[in-house]
Amino acid sequence: MSFDNITLEEKQQALDDLRKVKTLFAERNWFPGTSGNLSIRVGEFQEDDFHFAVTASGKDKSVNTPQDFLFVDQNGQACETTTLKPSAETLIHCEIYRLTGCGAVFHVHTVYNNLISEWLGQTGVVKAQGIELIKAFNIWEENAEIAIPVLANYAHIPSIAAEIPGVLNPEIPGILLQNHGICAWGKNAFEAKRHLEAFEFIFEYLYRGLLLNNVPKR
């Protein structure tokens with residue numbers, strides 16, 4: 001589908017949704033030092049032909065400006081003439097969209113997801129069990145256990161993207177980058193936000209659990 005055939009209304013809706021999510025996450029300090037990125041897909045989807053709006057690189061996400069977002073194609077290339085550059089991890093978004101056909105991908109850097117990926121992710125997964133927020137992933141078994149994939153944090157982003165097909169689990173809508181951050185996705189912005197919030201709750205829960213395990217019992 002040609003980018004020009006996507007309606008203006010759909011493009012504007014994607015930008016509005018991204019702006020609202022960006023503002024909310026910035027208030028939670030999930031974008032320290034201009035880090036992190038957000039994207040929402042627009043138009044029809046084919047594995048080798050799709051488009052999405054994504055945060056521009058190097059922007060202060062605590063403020064809203066006309067230069068916050070741009071539209072790119074399935075290769076992460078700008079769809080319109082612009083001086084803006086897409087976020088550094090855009091190729092990761094491209095690969096997640098290609099593999100899942102999802103509607104939104106959110107990537108944030110937090111202290112909890114960094115520490116947990118470093119402390120518990122040495123085997124290539126972070127396991128969590130019996131935590132209520134696992135239900136946010138539509139997993140309803142009692143005392144359910146999940147394994148969140150962890151990838152090495154290569155400086156060369158294409159190397160990260162190349163490893164995603166080998167670890168992506170359709171039932172677990174997120175991938176950790178070791179000592180870097182989490183990429184979470186969903187069929188739309190609402191679901192991606194729900195998934196990301198659930199992951200962050202789980203990471204904080206695991207972190208606090210580690211601390212409690214080191215506290216002597218009275």
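Analyst: Two strands count as paired if DSSP finds at least two bridges between them. Keep that in mind as we look at this predicted model.

User: Thanks! What is the order of the strands in the open sheet?

Analyst: The eight strands run β3-β2-β1-β4-β8-β7-β6-β5, and their pairing is mixed. β3 (69–73) and β5 (125–129) each have a single partner strand, so one side of each has no neighbour in the sheet. On average, neighbouring strands are turned by 20° against each other, direction ignored.

User: What makes strand β6 and strand β7 a pair?

Analyst: The cut-off is at least two bridges. Strand β6 (residues 145–151) and strand β7 (residues 174–177) have two bridges, in the parallel sense, so they pair. Along them, Leu151 stands opposite Leu177 in β7.

User: Which strands does helix α1 lie across?

Analyst: Helix α1 (residues 8–27) lies across β1 (37–46), β2 (49–55), β3 and β4 (104–108). The helix runs at about 155° to β1.

User: Why is Asn169 called partly exposed?

Analyst: Buried means under 20% relative accessible area and exposed means over 50%. Asn169 has 28%, which lies in between, so the residue is called partly exposed. You will find Asn169 in the loop between α4 (157–167) and β7.

User: How do you know that the side chain of Asn169 has a polar contact with Glu171?

Analyst: The distance limit for such a contact is 3.5 Å. The backbone nitrogen of Glu171 lies 2.9 Å from a polar atom of the Asn169 side chain, so the pair is within that limit.

Methods
Residues numbered from 1 in each chain as written. Predicted model: local features only at pLDDT ≥ 70, side-chain atom pairs only at ≥ 80, totals over all residues. Heavy atoms only, no water. Helix = DSSP H or I, 4+ residues; strand = E, 2+ residues; numbered from the N terminus. Axes fitted to C-alpha atoms, helices over the stretch in contact; angles between N-to-C directions. Contact = heavy atoms within 4.5 Å. Buried < 20%, exposed > 50% of the residue type's maximum accessible area, 1.4 Å probe, protein only. Polar contact = N/O pair within 3.5 Å; in protein donor to acceptor, adjacent residues only side chain to side chain.
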